[in-house]
Number of protein chains: 2
Amino acid sequence: MYPKLSLHPAKRSYARGKLFWQCLNDANWLVYTSQAYDCIYEWLSREDRAFLNKELFRPMADFLSIENPQFFNRIHNHSTWGNAAVGMIGLVMEDEDLIERALYGLKNLKSNKISEDNDGGTIYSENQRAGFLAQIDEAFSPDGYYTEGPYYQRYAMYPFLIFAQALSNTSDLKIFEYRDGVLLKAVYALINLTNGSGEFFPINDAQKGMSFHAHSVVAAVDMAYYQSKDPSLLSIAKEQNTVTLDINGFTVARDIDNNKYEPYIKPSIMLTDGPNGNSGAIGILRSYNNEEETSLLMKYGKHGMGHGHFDKLSFCYYVGREEVIQDYGAARWVNIKQKDGGGYLNENKSWAKQTIAHNTVTIDEKSQFKASVKTADLFSPDSFFFSSDNQKVQVMSAVDENSYPGTRLHRTMILLNDSVFSKPLLIDLFNVQSDTAHKVDLPFYYLGQLLEVNFQLSDQKSQILGDDYGFQHLRVEAKGKSPENNSAQLSWIKSNKIYTLTSYSDPDDELLLTQIGAHDSLFNLRRDPGFMIRRNNSKNTSFVNTLESHGNYSPVNERPVNAYGKVDNITIIQNTQDYIATTIQLIDNSRWLIAISLKDNNKSITHKIDYRNEKISWQGPVLVKKFSK
Amino acid sequence: MYPKLSLHPAKRSYARGKLFWQCLNDANWLVYTSQAYDCIYEWLSREDRAFLNKELFRPMADFLSIENPQFFNRIHNHSTWGNAAVGMIGLVMEDEDLIERALYGLKNLKSNKISEDNDGGTIYSENQRAGFLAQIDEAFSPDGYYTEGPYYQRYAMYPFLIFAQALSNTSDLKIFEYRDGVLLKAVYALINLTNGSGEFFPINDAQKGMSFHAHSVVAAVDMAYYQSKDPSLLSIAKEQNTVTLDINGFTVARDIDNNKYEPYIKPSIMLTDGPNGNSGAIGILRSYNNEEETSLLMKYGKHGMGHGHFDKLSFCYYVGREEVIQDYGAARWVNIKQKDGGGYLNENKSWAKQTIAHNTVTIDEKSQFKASVKTADLFSPDSFFFSSDNQKVQVMSAVDENSYPGTRLHRTMILLNDSVFSKPLLIDLFNVQSDTAHKVDLPFYYLGQLLEVNFQLSDQKSQILGDDYGFQHLRVEAKGKSPENNSAQLSWIKSNKIYTLTSYSDPDDELLLTQIGAHDSLFNLRRDPGFMIRRNNSKNTSFVNTLESHGNYSPVNERPVNAYGKVDNITIIQNTQDYIATTIQLIDNSRWLIAISLKDNNKSITHKIDYRNEKISWQGPVLVKKFSK
């Protein structure tokens with residue numbers, strides 16, 4: 001009957017299914033059903049098998065491939081499901097034609113059949129390859145990072161791994177060793193892309209709260225353990241507290257029961273992006289204090305196709321289980337019908353993807369690449385420096401020269417551990433250089449209730465910030481000017497923890513306290529606060545910020561502990577085309593001198609600057625030096 | 001040296017202390033120090049005792065009483081501390097004069113010495129009594145409710161109980177039996193004034209999060225157990241997970257260890273207010289589903305003096321550990337210096353105390369009693385009906401005729417359990433009658449993110465709602481009109497739980513979606529949402545609302561469960577001076593008929609109404625009747 005079934009009546013997919021509204025869901029069904037079918041295949045009569053193969057499964061496999069090349073032949077999580085579905089039913093039926101098709105894609109396609117998908121991504125891979133092996137080659141970086149980001153990686157891992165396992169059970173293809181074992185690396189990448197609560201960093205289109213507890217990640221960890229027997233995976237499995245009902249899950253459960261697990265310490269790590277690992281990266285710095293994880297992610301990888309955000313050099317920051325500086329994530333409530341059927345909301349495009357929705361600079365009130373996905377997909381920033389060997393001073397630094405043509409963006413983020421701070425100090429240096437003058441906005445989407453700022457605020461009666469590129473969704477609640485010491489401070493409280501941001505500020509800077517949610521009478525956006533530094537007429541300028549997580553409060557005993565931070569002020573002592581040098585002065589009169597070589601990232605080159613009539617020299621691109629009182 | 005000490009230099013208290021900035025803190029110190037002094041009293045030499053008594057303790061006791069009658073002679077938690085301090089040091093020193101003063105207050109005071117305290121409360125009790133016994137008589141209702149509310153009761157309980165225990169150890173005064181055992185009743189009242197998380201309902205000036213884990217409540221529970229040996233108190237002590245280091249705490253710990261504890265099931269309860277129990281009440285309805293507590297509090301007691309809010313007939317609502325409809329609490333961050341030194345913020349008066357900050361009606365954009373504490377303290381609403389015997393239909397109903405002279409406010413709240421609902425259905429009927437036409441605003445301060453409304457919304461670009469009485473702090477984000485079925489619906493999600501409010505709405509009603517926080521450039525207020533029904537030109541009108549807690553969602557499996565409520569629409573079928581009758585129609589076509597006799601609360605009287613050509617009769621003031629399809 002399958003051949004005669006008409007398409008599902010819902011018309012909103014670029015590749016409509018038959019059983020469901022999109023081919024993707026038909027493919028999901030076939031991946032699972034193949035496994036069930038395999039279990040009973042030998043038990044069925046020859047006639048029943050022949051009937052099912054001919055009337056249902058082969059036509060369905062053809063429908064999902066030949067009849068829908070725009071679904072099957074892409075480098076995209078949808079196609080991965082399609083490839084796995086066709087390949088797995090092929091393995092069951094021992095249909096070499098289908099297996100070949102699944103592994104290598106459709107051949108001799110007329111390229112004029114290919115069109116854009118719903119998300120605005122492009123359909124064919126640059127070098128015209130398709131199929132499962134091409135997916136593995138092109139979807140992952142050599143480090144196992146999936147260019148759409150962890151939220152979609154979590155979704156795509158299941159078909160990658162289940163089809164791989166089926167292949168390794170039935171063929172000579174050493175698929176888990178393919179490409180230097182990238183499929184297993186991808187499982188580690190996925191785990192390493194979670195915060196202290198096990199939730200994925202919500203970069204790109206991601207719904208917050210998705211975590212390594214998701215069924216697909218349970219399956220991934222169990223499969224990876226079965227393949228690798230790495231005992232640290234068992235402690236992730238223990239936290240997941242569930243296993244798959246198969247040989248993988250059984251092995252995991254048995255070995256946990258035998259106490260074979262070892263701790264999984266998520267590392268500071270740079271996950272390169274792009275098939276060749278040369279398209280930027282995701283940098284993650286981590287620090288542990290009393291087993292509490294602090295994690296800082298900076299995004300300087302690829303755009304990430306249709307689900308990417310215009311967020312190059314943006315960051316998000318977690319201390320313990322708390323989200324301190326947020327990445328907004330997607331404007332979407334997956335499967336919640338009340339919110340426009342559960343799909344992406346209009347505000348995903350008008351707000352969540354825009355640059356101003358992220359903790360990075362927006363130039364002249366326009367998003368990076370003027371919000372063109374096609375342009376954004378062509379470029380990526382470059383890692384400038386990444387160093388996590390010294391737990392006291394971890395650094396990541398990246399340069400972007402394409403988001404705003406003619407402007408060079410260079411961000412360096414440091415996670416500093418020193419006994420004077422109870423938690424790591426985050427230091428952020430953002431240099432923006434251009435031949436022409438620009439308006440530069442740098443927001444920080446802190447979460448919590450504002451306690452205090454050290455500058456005068458004037459009520460702006462919720463004026464709306466702009467007209468386009470997300471600015472139309474920001475209200476300005478209050479506005480101020482830099483205090484005399486050029487160091488604006490903002491402290492806030494969230495879940496009874498107290499944080500302070502100290503920002504170097506020019507006298508002409510506008511300091512804005514914003515709220516997300518203008519032009520949103522349907523309340524599709526969260527009413528979250530932000531602090532924005534607006535600097536006008538800038539050619540070569542640097543933003544220097546520190547963020548302390550210092551205090552706590554109990555509403556039961558009503559006592560604040562360490563209610564104030566330690567940073568007193570920030571001075572920029574040099575800002576040229578080649579160097580930024582800045583001092584961070586603490587209230588105990590000790591100082592940190594931070595200097596960055598902006599152009600030369602050679603680790604063995606020696607640099608010099610003058611500081612207080614002294615020549616200070618250092619090796620490599622970054623100097624972090626403490627001066628006691 | 002104490003007599004020669006000058007007053008503490010800080011001048012913001014109505015009763016400045018010597019060791020601390022206010023007499024209250026000196027009294028706190030003396031209550032604790034008396035206990036320590038008592039422990040070493042016999043061990044000290046006679047000379048040392050005499051010296052300390054003469055130079056420190058007796059002068060301090062005099063300072064806190066004779067020299068500060070405005071502190072000592074009030075009915076107020078401050079004075080309770082003062083009385084206890086003077087009395088306890090008197091007991092140690094066996095100074096009958098001080099004990100007498102503590103118990104009965106200062107005599108022959110010139111009343112012109114008495115002035116207002118910082119909070120705007122009045123100083124002398126109406127019948128000119130003072131001292132510890134007068135405090136017990138006047139601060140508590142016969143049910144043990146303390147008129148300032150649980151946040152302050154928690155604070156005041158310690159001196160009440162510790163002095164009582166000291167008295168019962170040393171005198172014949174059977175203080176724990178005094179006034180029918182009201183001091184122990186007060187401990188139960190305090191426990192019963194907590195939500196499902198053990199936090200106090202934040203009525204009046206209260207900082208949210210204060211709970212029965214506070215040290216003073218631990219001491220209260222331990223003392224009450226020592227006096228009563230009620231095994232249900234042990235399960236509260238178990239949850240507190242700490243005891244006092246004295247005979248009380250020892251007894252509790254020992255008996256917990258011996259498994260003597262029994263469950264403490266917080267009941268539905270009406271706690272009368274006022275010394276004679278005839279000044280209205282706090283009504284609390286509770287329901288338990290799978291051990292999860294739903295609690296609904298309506299406030300129809302006294303104003304509560306200087307810390308009271310103009311919130312008569314307001315309510316707050318909790319389901320499980322979630323705050324669903326919030327009472328704002330106080331605008332204050334206790335002891336957090338960044339927030340105006342930790343004291344009450346200006347917005348406590350301009351917003352938190354005002355009627356519009358509460359889930360009750362505001363008439364003509366003015367607060368109850370035009371926000372005069374003096375007037376408000378003179379009146380209280382009357383309980384009209386309270387019935388919690390039938391767990392399926394619990395009802396509380398109260399009438400207020402003084403908050404707005406010439407207007408009669410009558411609110412009836414029902415907690416309904418029926419198998420069709422997974423959690424109780426909250427039904428709210430609010431009748432407003434006046435001879436003249438008024439503008440009536442009824443807000444609901446729901447917490448969470450709005451999912452959907454069933455009426456058209458137009459963007460109001462955050463217009464500010466009014467100029468005074470708290471309206472200046474409300475932004476209108478969006479506005480709508482009643483849908484055709486006169487049943488406005490609003491659903492929201494919070495902590496992955498889904499709620500729906502259904503509101504009977506007239507065609508002329510304005511439906512406003514508001515946000516707290518206008519005119520607040522210091523961010524002293526939380527940016528919380530509200531839904532407001534505004535009805536113009538009303539003489540005799542009723543608001544009928546239902547609130548369902550029906551669904552949940554997991555961002556890990558991305559599946560909503562019961563995303564929609566069961567209530568379809570609300571009809572008002574009768575609205576006279578004597579009756580409201582309304583039907584609540586469910587989506588399965590069953591209906592609930594609710595009728596209230598507004599004037600006659602006699603339980604044995606029979607009432608009749610016509611409904612669909614039937615005569616329906618019932619006994620008592622409230623009819624709740626289900627009709628199947």
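**Close-up views of a predicted two-chain model**

Over all chains, the count of salt bridges (a side-chain nitrogen of Lys or Arg within 4 Å of a carboxyl oxygen of Asp or Glu) comes to 62. The model is predicted: local features need pLDDT of at least 70, side-chain atom pairs count only at pLDDT 80 or more, and totals for chains, interfaces and linings use all residues. Residues are numbered from 1 along each chain as its sequence is written, chains are lettered from A in the order in which they are written, and side-chain values use heavy atoms, with hydrogens and water left out.

**View 1. Salt bridge between A:K299 and A:D311.** The N to O distance between the two side chains is 2.8 Å. A:K299 lies in strand β3 (residues 292-300) of chain A, and A:D311 lies in the loop between β3 and β4 (314-319), 12 residues apart. Strands (E, at least two residues) and helices (H or I, at least four) are DSSP runs numbered from the N terminus.

View 2. Over residues 275-504 the chain is 5% helix and 48% strand, with the end C-alpha atoms 39 Å apart.

**View 3. Interface of chain B and chain A.** Contact (heavy atoms within 4.5 Å) joins 50 residues of chain B to 50 residues of chain A. The buried area, which is the accessible area (1.4 Å probe) lost on putting the two parts together, summed over both, is about 4300 Å², and carbon and sulfur atoms give 54% of that.

**View 4. Polar and charged pairs across the interface.** The rule finds 4 salt bridges between chain B and chain A. A:R527 forms a salt bridge with B:E477, where the closest N and O atoms are 2.8 Å apart. On the side of chain B that touches chain A, α7 (150-170), β11 (449-453), β12 (457-464), β13 (474-481), β14 (487-494) and β16 (510-516) each supply at least two residues. β12(B) gives the most, with 6 residues.

**View 5. Rotation axis between the copies.** Superposed by least squares on C-alpha atoms of residues with pLDDT of at least 70 in both, chain B can be laid on chain A with an RMSD of 0.1 Å by a turn of 180° and a shift of 0.1 Å along the axis. The two copies are thus related as by a two-fold rotation axis. B:S462 comes closest to the axis of the residues of chain B, at 3.3 Å (C-alpha).

Notes: A polar contact is a pair of N or O atoms within 3.5 Å; within protein, one must be able to donate a hydrogen and the other to accept it, and residues adjacent in sequence count only if both atoms are side-chain atoms.
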